[in-house]
4 protein chains.
Amino acid sequence: MTIKVVIIGGGSSYTPEIIEGFIERYHNVRITEIVLVDIPTGKAKLETIASLAKRMVKKSQLPIRISYTFHRREALIGADFVTTQIRVGGLEARIKDERIPLKHGFVGQETNGAGGIFKAFRTIPILLNIASDMHELCPDAWLINFTNPAGIVTEAVIKHSPHKRVIGVCNIPFNMKSGIAKMFDCDVRDIEIEFVGMNHFIFGKTVWLHGENVTDEALKRLVEYNQSYSPANIVSLGWSKPFIESLKMVPNPYHQYYFQTKEVLEKDLQAFQDIGTRAEVVQQVEINLFETYQDTELMEKPKELEQRGGAYYSDAACNLIESIYTNKQDIQTVNTFNNGAISDLKDDDVIEVNAVITSEGPRPLTIGSLPNSIKGLITKMKNMEHLVIQAATTGDYNQAYLALLMNPLVANEKKAKTLLDELLEAHKDYLPQFNLKEEKIL
Amino acid sequence: MTIKVVIIGGGSSYTPEIIEGFIERYHNVRITEIVLVDIPTGKAKLETIASLAKRMVKKSQLPIRISYTFHRREALIGADFVTTQIRVGGLEARIKDERIPLKHGFVGQETNGAGGIFKAFRTIPILLNIASDMHELCPDAWLINFTNPAGIVTEAVIKHSPHKRVIGVCNIPFNMKSGIAKMFDCDVRDIEIEFVGMNHFIFGKTVWLHGENVTDEALKRLVEYNQSYSPANIVSLGWSKPFIESLKMVPNPYHQYYFQTKEVLEKDLQAFQDIGTRAEVVQQVEINLFETYQDTELMEKPKELEQRGGAYYSDAACNLIESIYTNKQDIQTVNTFNNGAISDLKDDDVIEVNAVITSEGPRPLTIGSLPNSIKGLITKMKNMEHLVIQAATTGDYNQAYLALLMNPLVANEKKAKTLLDELLEAHKDYLPQFNLKEEKIL
Amino acid sequence: MTIKVVIIGGGSSYTPEIIEGFIERYHNVRITEIVLVDIPTGKAKLETIASLAKRMVKKSQLPIRISYTFHRREALIGADFVTTQIRVGGLEARIKDERIPLKHGFVGQETNGAGGIFKAFRTIPILLNIASDMHELCPDAWLINFTNPAGIVTEAVIKHSPHKRVIGVCNIPFNMKSGIAKMFDCDVRDIEIEFVGMNHFIFGKTVWLHGENVTDEALKRLVEYNQSYSPANIVSLGWSKPFIESLKMVPNPYHQYYFQTKEVLEKDLQAFQDIGTRAEVVQQVEINLFETYQDTELMEKPKELEQRGGAYYSDAACNLIESIYTNKQDIQTVNTFNNGAISDLKDDDVIEVNAVITSEGPRPLTIGSLPNSIKGLITKMKNMEHLVIQAATTGDYNQAYLALLMNPLVANEKKAKTLLDELLEAHKDYLPQFNLKEEKIL
Amino acid sequence: MTIKVVIIGGGSSYTPEIIEGFIERYHNVRITEIVLVDIPTGKAKLETIASLAKRMVKKSQLPIRISYTFHRREALIGADFVTTQIRVGGLEARIKDERIPLKHGFVGQETNGAGGIFKAFRTIPILLNIASDMHELCPDAWLINFTNPAGIVTEAVIKHSPHKRVIGVCNIPFNMKSGIAKMFDCDVRDIEIEFVGMNHFIFGKTVWLHGENVTDEALKRLVEYNQSYSPANIVSLGWSKPFIESLKMVPNPYHQYYFQTKEVLEKDLQAFQDIGTRAEVVQQVEINLFETYQDTELMEKPKELEQRGGAYYSDAACNLIESIYTNKQDIQTVNTFNNGAISDLKDDDVIEVNAVITSEGPRPLTIGSLPNSIKGLITKMKNMEHLVIQAATTGDYNQAYLALLMNPLVANEKKAKTLLDELLEAHKDYLPQFNLKEEKIL
């Protein structure tokens with residue numbers, strides 16, 4: 001039996017990692033056809049990646065067929081799994097998401113604040129199209145979405161498209177386990193965490209080492225180790241003792257935007273002056289990576305990729321494909337319908353949650369009520385996500401305004417309009433759902 | 001590392017099965033000490049069982065120490081697991097639970113209707129005492145409760161005692177899988193069912209064969225096979241086609257009491273005249289079993305035990321102990337806090353549910369909202385269970401009346417009083433919580 | 001300013017009461033145009049009623065214009081209020097609703113059990129048409145529905161039609177207050193009751209006399225007065241002391257079907273043999289009433305009408321129209337969206353509830369959680385109502401089967417099919433939504 | 001029949017207003033005994049107020065007895081209504097609540113942000129004592145709380161004391177109606193508003209003029225009138241068009257702290273430099289008021305009081321007393337248990353809501369689900385209030401830290417500690433529940 005995987009955004013610098021994942025797991029899941037799909041403007045990158053992928057397969061001596069195309073609909077026919085790792089508008093758009101808020105004194109970040117909202121606005125319509133095509137062309141296939149903001153995008157697609165086989169993945173849960181493992185000087189596979197919340201907003205509620213509850217010890221070490229607990233792409237400022245002792249949970253690195261807003265903003269403004277925004281740094285990294293990829297001697301994923309920031313995303317996707325395909329029933333952390341797992345949220349809210357992975361998709365493990373400490377915060381963020389999805393799918397100006405207004409990183413009734421209008425103008429080529437001729441935003 | 005298990009109600013005819021289970025799993029879970037506890041009036045049976053258990057261990061050549069005692073508190077010291085398989089008032093009390101309702105034209109059954117309510121009234125205070133002792137003497141030990149009505153008793157204990165490590169088990173989920181396996185002519189381990197509801201009131205919502213969703217086919221076969229789908233201890237009358245096709249779920253055998261009330265009642269009244277109530281039949285089975293057990297040549301669980309009706313209860317308990325002890329994280333069907341698994345019920349309602357079994361107990365898999373077809377039924381039954389628990393823990397006459405009144409198998413405002421008063425009088429020796437000197441019930 | 005009222009089912013024997021109500025309230029609400037609408041087969045009755053209405057108006061010397069028509073859509077143009085008091089299939093259909101269940105040993109009643117379900121099946125499509133016409137022809141008009149089962153019909157219309165200005169009324173709340181007033185020997189206006197539940201299934205949770213909470217005394221008297229507490233059209237069997245003392249609420253007369261099922265059934269079977277079903281008795285009453293109405297000397301509502309059973313329905317409607325029209329903000333008991341009043345039900349469940357009546361319709365007063373005693377019962381009944389509405393609006397056989405199966409007065413998996421098939425056949429002329437050519441029900 | 005009212009904090013400058021209210025309503029509610037209670041340090045003020053009150057009564061020629069005392073428990077005996085208008089720590093404490101946050105760059109305000117939290121910390125223990133005394137000495141009396149933060153304090157008392165007859169009142173609802181009335185150039189009594197939310201955080205969801213829904217027009221005028229809509233004690237910065245058009249609700253003046261944080265902070269810092277904090281301004285106003293009060297010719301409430309900021313508080317209390325006493329069943333806006341009115345909140349959350357006022361207290365009118373625009377915000381604020389109450393009643397440092405951390409006006413993990421520690425130190429004489437010897441806060 002053969003499995004066909006379609007990688008949308010196949011020209012991404014991350015693709016070699018997922019190819020490596022498929023090669024390594026071949027004995028468990030026989031993926032024999034991989035189609036890389038991208039848009040014509042990404043032709044050069046796509047060809048580079050496709051060549052590298054073919055060299056990797058050749059070295060592995062496995063019967064995997066690699067191809068690439070710009071015809072997405074054709075590629076989807078017969079697909080078993082589809083992954084999406086796209087960036088609508090490219091790094092140029094990300095630069096705007098970062099620079100425009102920063103200019104007005106607000107956090108400018110890829111998945112949080114005004115920037116994150118606009119990334120959602122650009123991405124959701126494209127993902128809805130993909131899901132709609134899948135519903136028509138490969139209705140049994142699973143859509144595994146890596147595209148950020150992964151939680152919001154996944155909820156938008158699973159709610160607003162007819163295709164329901166959609167799962168979002170992120171590398172933050174792995175990175176959190178990895179960070180804890182470092183503190184306990186153990187293998188990451190020995191650590192389990194009960195995650196609570198949404199993508200990029202999860203907390204680690206319980207930590208186990210070899211099945212033993214070591215939460216208290218983990219929190220203690222977290223205070224001691226301080227800044228050293230952080231994934232590669234976010235510089236942590238460290239958490240204070242009362243924060244950890246009061247929350248009694250492990251924060252994730254993105255929480256700094258909400259609890260250290262002023263400090264992060266100062267740091268980012270400084271970095272902006274010194275080396276440009278994160279997107280501008282990444283642009284250079286990408287150039288270097290693709291130079292490396294073009295080396296025809298290279299037959300494996302290069303080490304440099306691990307420093308790119310999104311490492312382990314692909315790993316999460318590979319694990320998911322394996323468990324769905326084999327009905328493995330192991331526990332993985334995914335973005336899927338809450339379905340009651342957190343009693344305070346609705347059944348059709350998408351959360352990031354530990355779930356048993358079956359042949360029919362993820363079944364979340366129940367969490368119960370949210371801890372009182374974060375109940376308000378989580379429900380507020382989920383409501384903000386709803387406003388973002390509402391605006392992204394309707395193109396309604398007032399909904400978009402409310403999404404910004406209710407985002408804790410904006411929260412200013414006059415500046416919300418300023419940011420909204422500038423970002424709508426800056427990204428207008430990628431926001432067909434908003435009627436940008438309206439007088440309102442002139 | 002050694003594990004100590006205390007079996008309360010050790011003189012039960014089921015004990016050889018659990019002993020066999022421990023022997024067979026010894027390589028996975030090293031249970032080295034088993035203490036059988038019972039009350040002095042059960043001395044003869046307890047000694048018979050203890051002797052048989054020792055012969056079984058001897059044959060196995062494993063280093064397991066078997067002992068027995070009437071001193072429950074002493075036995076609990078140092079326990080890792082405690083199982084409860086007691087029958088307060090013995091089969092004599094069960095006969096009353098069956099006969100008194102039957103006499104007045106109501107279903108008389110061990111775990112449903114007025115009889116089930118009174119079994120709960122007798123059992124809950126004893127189990128609360130046991131749990132309270134455990135909290136003091138072996139606070140880390142798990143209480144695994146087999147005693148019926150297992151769902152109600154488990155909820156009463158987990159809510160009203162300080163000891164929270166309580167899990168209820170039942171053999172119905174296994175029997176339902178086994179029945180389906182027979183229809184598919186496959187091994188029971190190849191079948192999985194998503195169960196929805198409470199103990200003795202669960203439905204099978206989805207059926208998988210080797211990980212493939214075969215629910216529709218299972219329902220089709222269920223209509224065709226009709227009466228042959230039934231566990232040993234309940235004679236099924238078969239389900240009609242519209243019932244199965246409308247519900248779109250697999251009923252459990254006890255549902256006949258609610259959907260075939262009149263027919264079951266007629267059958268039971270006939271049986272009552274012909275061969276006595278079920279308790280009276282069981283009494284004879286028990287006499288035969290204990291005669292067999294006394295055979296000093298017998299060194300294993302005799303085949304006859306499998307026909308006793310409660311078979312596989314012990315199996316469920318053994319599996320549970322193994323998975324908790326080894327943090328196995330497999331999926332088992334247990335009675336535990338809902339915790340959001342069924343969105344329509346409260347977090348602290350006990351349900352019978354598929355759960356991942358960890359070293360810290362079961363984590364239910366989410367189910368989401370109840371199907372509309374049974375939403376009212378399930379919430380009504382859960383509410384009735386709350387009334388039973390309320391009455392059992394307070395001894396309040398009015399609450400007891402409401403429990404009977406709101407039970408669909410009673411539901412008559414005048415007869416509820418008749419049944420209540422006769423059963424309170426009949427069982428007064430085992431109902432210390434009710435002040436039976438009150439004028440009310442004269 | 002003039003107000004136009006359209007009375008659909010204007011040929012009903014109840015119409016003189018509502019005409020009297022409008023005449024009496026003329027100084028508060030200037031209803032100047034009343035159009036009586038009916039179907040051509042009711043021509044004779046409609047003309048009799050219209051003539052009587054004209055004589056009543058003439059005697060009053062008020063400038064009210066009475067007219068009648070068979071053209072419903074024309075009548076609706078310009079309407080401010082529309083009342084519906086129709087009986088699809090007439091008393092002949094009611095006779096079948098009563099006789100068919102009785103024949104099989106089940107309660108046969110107009111608004112409860114299988115009969116009530118079929119009355120809903122026949123009525124809902126017609127009411128949906130009326131509401132749809134109103135949405136088009138008089139979108140600001142209020143639909144005041146008297147037609148039984150009033151709660152279910154109101155929920156169906158308010159949920160499934162585009163017209164949301166729909167309120168259901170019933171005389172049971174008034175009758176309960178009136179019954180309590182008799183026990184306290186006071187005027188009915190001095191009594192207030194906090195009602196909890198759904199139409200024909202409400203309980204009186206608190207009773208006030210002149211604003212003072214007298215619930216305990218009312219319950220005490222209820223036990224003492226026993227059978228004498230009952231509205232005209234239902235013979236009460238009286239409630240036992242433990243029932244009242246345990247519930248701690250005032251039941252309504254229809255509760256006898258659920259808590260005295262066996263006794264009611266025996267009584268009804270006896271009455272059936274002696275004098276026919278209730279519908280057959282009513283048929284004779286109607287003949288007598290219309291003879292009275294034809295007397296051209298008669299210029300007012302005759303006393304006999306008060307014995308008809310539905311008395312005070314019209315009174316409730318008149319009060320409602322006055323309060324909506326004048327934004328009176330008084331408290332009336334109506335069928336409307338729960339909107340949170342009972343925390344255990346959904347916002348869009350229709351309940352019978354005390355509400356402040358404003359110019360924009362009723363705003364329920366909050367009740368909070370249901371008492372534990374009836375929580376299961378109420379949620380079960382509401383779920384059953386959902387199944388009825390689902391079946392009535394889709395014509396789905398399986399949904400109809402589930403509605404009967406989950407009705408506590410049927411609850412038998414084989415007999416549910418028998419009743420369903422016979423009633424579908426008996427009423428097939430009035431059930432266009434069910435495709436009655438299907439093999440299923442042959 | 002005589003009514004006794006006890007005014008705790010009787011030496012407040014607001015007292016003449018409530019005395020005037022009682023005099024004016026004497027024909028409806030015969031309040032014949034008024035006891036002013038205060039603490040010994042407020043002796044001079046209390047005597048001044050008592051003298052003025054006596055002169056006011058004398059002028060009215062009504063048989064009202066005025067007295068004053070420092071013995072609260074004695075005063076409570078026989079009370080029918082108790083009002084609380086206290087300021088624990090006096091204006092000196094308020095100055096600290098304002099200055100300390102401002103110093104660190106945070107909003108310093110009496111009822112919002114860190115200052116509001118500490119006002120709650122100081123007030124809740126005192127109110128709990130009063131309620132506890134009432135439960136013992138005048139169990140049927142109603143506690144009418146004016147003390148800010150009125151919503152939080154009311155929820156703390158109603159949840160944590162045995163005395164449940166507690167209602168919170170505020171003048172903001174009246175001021176909002178009054179502001180709208182000005183825009184429509186009508187009497188405030190012609191305006192009704194449906195309020196949604198919590199005290200100092202309510203929105204006006206619907207506006208009626210003479211019973212007609214004029215919400216859209218009100219919002220239009222709100223944008224046009226801009227800054228002129230504001231109660232006396234808060235300088236409004238005006239709301240932008242997109243804010244009003246997106247929210248589709250009337251904000252209250254306190255919302256500026258949350259949606260114009262930066263601007264308010266700048267304004268307050270400027271004011272702080274120019275004229276001191278609000279408390280310092282008020283201190284001078286109070287000195288002038290008491291000079292006026294001492295004028296023995298003064299026999300009525302002086303006009304100057306209306307500019308004090310809290311005007312109409314007393315009016316709200318008088319209306320409430322009248323409606324409870326007479327079971328008037330009119331609609332007033334009060335702080336009471338949600339009880340289902342807002343479906344998204346819990347039954348025992350206290351909200352500010354329109355309620356029918358009966359002899360047994362307020363019965364809220366249902367609101368249903370919160371608008372999506374503010375759902376997250378409201379649930380977040382309510383959760384923050386829970387954290388405040390939890391900290392205030394336990395004195396737990398971590399809970400207090402969480403309350404500050406989760407307050408949108410703090411929300412900084414390091415600064416939350418700074419503010420907490422400085423405010424705990426500053427107010428330590430009034431925070432007995434916090435063990436301020438602990439090393440933590442050194």
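Axes here are lines fitted to C-alpha atoms, for helices over the stretch in contact, and angles run from 0 to 180 degrees between N-to-C directions. The model shown is predicted; local features need pLDDT of at least 70, side-chain atom pairs count only at pLDDT 80 or more, and totals for chains, interfaces and linings use all residues. Residues are numbered from 1 along each chain as its sequence is written, while chains are lettered from A and ligands numbered from 1 in the order in which they are written.

**View 1. Helices α5 and α6 of chain B pack at an angle of about 40 degrees.**
The pair consists of α5 (residues 113-137) and α6 (residues 150-160), with axes 9 Å apart. Helices (H or I, at least four residues) and strands (E, at least two) are DSSP runs, numbered from the N terminus. α5(B) and α6(B) are therefore oblique to each other; angles under 35 degrees count as roughly parallel, over 145 as roughly antiparallel, 65 to 115 as roughly perpendicular and the rest as oblique. The crossing of α5(B) and α6(B) is right-handed, the term for a near helix turned clockwise from the far one by less than a right angle, whereas anticlockwise is left-handed. From α5(B), the contact is made by Ala120(B), Thr123(B), Ile124(B), Leu127(B), Leu128(B) and Ala131(B). Their partners on α6(B) are Ile152(B), Val153(B), Ala156(B), Val157(B) and His160(B). Two residues are in contact if their C-beta atoms, placed from the backbone, lie within 7 Å. By class, this contact has 9 nonpolar, 2 polar and no charged residues. Ala, Val, Leu, Ile, Met, Phe, Trp, Tyr, Cys and Pro count as nonpolar, Asp, Glu, Lys and Arg as charged, and the others, Gly among them, as polar.

**View 2. Domain 1 of chain A touches domain 3 of chain A.**
Chain A is divided into domain 1 (3-89 + 108-171), domain 2 (172-259) and domain 3 (373-441), with bounds from an automatic or database domain assignment. Taken over C-alpha atoms, the centres of domains 1 and 3 of chain A are separated by 27 Å. In this contact, 16 residues of domain 1 meet 18 residues of domain 3. On the domain 1 side, α5 (113-137) and α6 (150-160) of chain A are the elements that give two or more residues. α5(A) gives the most, with 9 residues. This side of domain 1 has 10 nonpolar, 4 polar and 2 charged residues.

**View 3. Chain A meets chain D through 34 residues of chain A and 33 residues of chain D.**
The elements of chain A that give two or more residues to this side are α9 (241-247), α10 (256-259), α11 (261-275), α14 (372-394) and α15 (397-405). The most come from α14(A), with 12 residues. The chain A side divides into 14 nonpolar, 12 polar and 8 charged residues. A rotation of 180 degrees with 0.0 Å of shift along its axis superposes chain A on chain D (RMSD 0.0 Å). In chain A, the C-alpha nearest the axis is that of Lys380(A), 2.9 Å from it. Copies are superposed by least squares on the C-alpha atoms of residues with pLDDT of at least 70 in both.

Chain C is superposed on chain D by a rotation of 180 degrees with 0.0 Å of shift along its axis (RMSD 0.0 Å). The two copies are thus related as by a two-fold rotation axis. Of the interface residues of chain C, 100% are also interface residues in chain D, so the copies meet through the same surface.
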